Amino acid sequence: MGVLALVVMTAAAAEYNVVGYGARPGGREDSAPAFLAACNYTGRSAPVVRVPAGTFLVSRAYFGGPCRSAAGVVVAVDGTVVAPAAVDSTTQTLDISQSNNVSVRRLTLLNSKNVHLAIFDCTGVTLRGVRIAAPADSPNTDGVHVQLSRGVRVLGATVGTGDDCVSLGPGTSNVLVRNIRCGPGHGISIGSLGGDAAGEAPVRNVTVEGAALTGTQNGMRIKTWGRPNRGLVAGVSFARVTMRGVRNPAVVDQNYCPSNVNCPGESSGVKISGVEYADIEGTSATPVAVRFDCSGSNPCTRITLKNINLTYEGKPAKSFCKYAHGLAAGVVRPPSCLSS
Ligand SMILES: *[C@@H]1O[C@H](CO)[C@@H](O)[C@H](O)[C@H]1NC(C)=O
Ligand SMILES: *[C@@H]1O[C@H](CO)[C@@H](O)[C@H](O)[C@H]1NC(C)=O
Ligand SMILES: *[C@@H]1O[C@H](CO)[C@@H](O)[C@H](O)[C@H]1NC(C)=O
Ligand SMILES: *[C@@H]1O[C@H](CO)[C@@H](O)[C@H](O)[C@H]1NC(C)=O
């Protein structure tokens with residue numbers, strides 16, 4: 001169904017087929033022990049761990065080594081890997097943690113019970129042509145979630161889920177999302193940030209270019225808790241984004257306080273500075289297409305709007321600003337309400 005490649009192989013590769021280690025196609029017997037046994041190699045040339053055509057049930061496989069080589073390891077999935085129906089709802093389908101230089105190509109992830117693909121504490125992860133699908137009403141089924149990671153690229157993804165298509169948590173930097181199709185779902189999200197009283201590592205240098213969002217709850221969202229916990233979002237660019245029937249096409253919400261518990265009336269300690277929106281067009285499903293609801297104690301600064309054309313039911317949409325500073329250039333519809 002796809003190829004998960006961890007680093008490019010260089011030397012002629014030895015191949016380890018999971019069937020040779022006892023995996024049984026048919027999707028009834030747990031093949032997890034066989035997957036782990038196949039990935040049990042230490043050497044110089046890059047091994048290929050192959051999952052052949054067929055359906056393999058895997059309860060839980062944690063590849064934490066041994067299975068290493070200086071030239072990298074390739075996991076090639078021709079078949080389908082399924083989880084037990086009873087897997088608990090905190091389990092993520094594919095979790096890449098504490099790994100460097102990981103490449104995932106043409107992988108399809110379906111119906112996760114939680115995040116589909118989580119990237120945690122990694123440097124250098126590239127996803128190419130990943131497809132993710134789950135029902136629109138499935139809770140917490142983020143497509144790709146990135147946290148505490150640097151140098152992450154999501155290229156040519158197609159994501160439809162019941163939560164964010166891509167979510168970027170604290171401590172993410174140098175992220176590029178290019179040519180993504182998103183919907184249904186909650187859109188492309190930075191946050192929630194500011195949930196940790198001890199403070200959080202900043203989110204820096206995020207570029208989203210070339211995105212098509214259809215029927216999503218949000219388009220491009222930055223969300224922080226309405227609490228004084230400190231944090232920073234700096235250097236974000238959203239460019240060439242098309243919206244079709246998106247409820248909140250561009251939104252900064254610094255007053256996130258679900259059920260109004262423990263935070264009403266508090267002000268976010270997360271500073272948001274340097275966010276550019278350029279060449280954004282399409283339709284909003286609500287009258288307010290651009291909403292900057294920033295923090296009274298940490299106003300948003302250096303927001304730029306450039307060539308924006310968002311309409312609502314064929315009519316002009318509206319914008320809303322609170323504690324939001326920046327500039328507009330080119331044709332900006334709805335008109336900017338940023339203060340200088
Ligand atoms: C990996 O190989 C070693 C040595 O052959 C063996 O003792 C160990 O049980 C193997 N681990 C797995 C998960 O099969
Ligand atoms: C990751 O790739 C970079 C650039 O190709 C290289 O400099 C670095 O050594 C690699 N890191 C690891 C752990 O392989
Ligand atoms: C910002 O991130 C991009 C990857 O999207 C990277 O190429 C670039 O070097 C980063 N810029 C800085 C100043 O780190
Ligand atoms: C804005 O979009 C509407 C509908 O999508 C289109 O009719 C209109 O010509 C566009 N305006 C500009 C200035 O591009």
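Is Tyr 277 buried or exposed? Tyr 277 is buried, at 1% relative accessible area (buried means under 20%, exposed over 50%, partly exposed in between, with a 1.4 Å probe and protein chains only).

Before going further, a word on what you're looking at: this is a predicted model, where local features need pLDDT of at least 70, side-chain atom pairs count only at pLDDT 80 or more, and totals for chains, interfaces and linings use all residues. Residues are numbered from 1 along each chain as its sequence is written, chains are lettered from A and ligands numbered from 1 in the order in which they are written, and side-chain values use heavy atoms, with hydrogens and water left out.

Back to Tyr 277. Its ring pairs with that of Phe 292 in a tilted arrangement, 5.6 Å centre to centre with 55 degrees between the planes (rings of Phe, Tyr and Trp, the last by its six-membered ring, pair if their centres lie within 6.5 Å; planes under 30 degrees apart are stacked, over 60 edge-to-face, the rest tilted). Phe 292 is buried too, also at 1%.

Lys 223 lies over the face of Tyr 256, 3.9 Å from the ring centre (NZ of Lys or CZ of Arg must be within 6 Å of the centre and within 35 degrees of the ring normal). Likewise, the charged end of Arg 291 sits over the ring of Phe 320, at 4.7 Å from its centre.

Now for ligand 3. Around it sit Asn 174, Val 175, Leu 176 and Asn 205 (each with a heavy atom within 4 Å).
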